[in-house]
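User: Could you walk me through how to read a few features of a structure? I'd like the general idea, then the actual case.

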Amino acid sequence: MMALWCQERKGKLLFRVLVQPRASANRVVGLHGDVVKVSLTAPPVDGAANKLCREFLARILGIAKSKVELVSGETARLKTFAVEGLSVDELQERLGVS
């Protein structure tokens with residue numbers, strides 16, 4: 001069953017992430033409505049938070065950084081990411097959300 005916060009398109013899973021920059025630690029906070037909230041230590045300057053978010057998601061999901069794509073929201077706190085190589089169940093389990 002497809003999660004409400006996740007969509008499948010062209011073999012990739014798309015999901016929205018709400019980024020809280022300048023946090024004390026990098027972590028997945030959990031689901032907030034139809035978005036996954038992520039706290040990051042990086043500031044929202046010069047793409048630092050985007051880079052860290054992509055790297056953090058790749059590490060948490062156990063996939064290569066090249067499999068994590070920022071689709072939209074480059075200058076916003078609300079971002080859409082696409083990942084490939086995971087099922088919806090794997091994505092939910094690895095992010096610790098349902």
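Analyst: Happy to! Let's start with a hairpin: E1 and E2 form one, with 2 residues between them, and Lys-10 in the turn has a positive phi of about 50 degrees. Strands here are DSSP runs of at least two residues and helices (H or I) of at least four, numbered from the N terminus. This is a predicted model, where local features need pLDDT of at least 70, side-chain atom pairs count only at pLDDT 80 or more, and totals for chains, interfaces and linings use all residues. Residues are numbered from 1 along each chain as its sequence is written, and side-chain values use heavy atoms, leaving out hydrogens and water.

User: How many bridges join E1 to E2, and how do the strands run?

Analyst: Two strands pair if DSSP finds at least two bridges between them. Here 4 bridges join E1 (residues 6-9) to E2, and the strands run antiparallel. Arg-9, for example, has Lys-12 in E2 as its bridge partner.

User: How do I read an aromatic pair?

Analyst: A pair of aromatic rings is described by the distance of the centres and the angle of the planes. Rings of Phe, Tyr and Trp (its six-membered ring) pair if their centres lie within 6.5 Å; planes under 30 degrees apart are stacked, over 60 edge-to-face, and the rest tilted. The structure holds 2 such pairs. The ring centres of Trp-5 and Phe-15 are 6.2 Å apart with planes at 90 degrees, so this pair is edge-to-face. Trp-5 lies in the segment before E1 and Phe-15 in strand E2, 10 residues apart. Together with Phe-81, Trp-5 and Phe-15 form one aromatic cluster.

User: Is Phe-15 buried or exposed?

Analyst: Buried means under 20% relative accessible area, exposed over 50%, and partly exposed in between (1.4 Å probe, protein chains only). Phe-15 is buried, at 1%.
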